[in-house]
Amino acid sequence: EKKIIIYRKGGGIFAFNFHPTRSYEDLRLPVDTGDYQVVISSDDHAFGGQGRIWHEAYRAEAEGVQLYLPARTAVVLKRK
């Protein structure tokens, strides 16, 4: 129903939203505490996206990191 896939591989956290219309504004990813940074986003202007993903540091607290994941996008985060 949500049409999202999130997994870890090689130090990266990969988040895919395949939903054609639903964006997730406050998606909480369960990760270790620390700072994370977006290393690639399919929503970047370079890939034909709208540039809605913030590329600065995301702070992960005890309950994880909060991320905006627009419809039809993929994001890769790495721990700083």
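Trainee: Which residues touch the most other members in the largest nonpolar core?
Mentor: Leu29, Val31, Tyr58, Val65, Val75 and Leu77, out of 16 residues. A nonpolar core here is a set of buried Ala, Val, Leu, Ile, Met, Phe, Trp, Tyr and Cys residues joined through side-chain atoms within 4.5 Å, and buried means under 20% relative accessible area (1.4 Å probe, protein chains only). This is a predicted model, where local features need pLDDT of at least 70 and side-chain atom pairs pLDDT 80 or more, while totals for chains, interfaces and linings use all residues. Residues are numbered from 1 along each chain, and side-chain values use heavy atoms, without hydrogens and water.

Trainee: Which elements give two or more residues to this core?
Mentor: β2, β3, β4, β5, β6 and β7. Strands are DSSP runs (E, at least two residues), numbered from the N terminus.

Trainee: And what is Leu29 in contact with?
Mentor: Beyond neighbours within four places in sequence, its contacts (heavy atoms within 4.5 Å) include Ile6, Ile13, Val65 and Leu77.

Trainee: Switching topic: where is Asp43?
Mentor: Asp43 sits in the loop between β4 and β5.

Trainee: Buried or exposed?
Mentor: Asp43 is buried, at 2% relative accessible area. Not counting residues up to four places away in sequence, Asp43 touches Gly49, Gln50, Gly51, Arg52, Ile53, Pro70 and Thr73. A polar atom of the Asp43 side chain lies 2.6 Å from the backbone nitrogen of Arg52.

Trainee: Back to β5, which residues are on its covered face?
Mentor: Tyr58 and Ala60, with Ala57 and Arg59 on the uncovered one.

Methods: Buried means under 20% relative accessible area, exposed over 50%, partly exposed in between (1.4 Å probe, protein chains only). Helices (H or I, at least four residues) and strands (E, at least two) are DSSP runs, numbered from the N terminus. A polar contact is a pair of N or O atoms within 3.5 Å; within protein, one must be able to donate a hydrogen and the other to accept it, and residues adjacent in sequence count only if both atoms are side-chain atoms.
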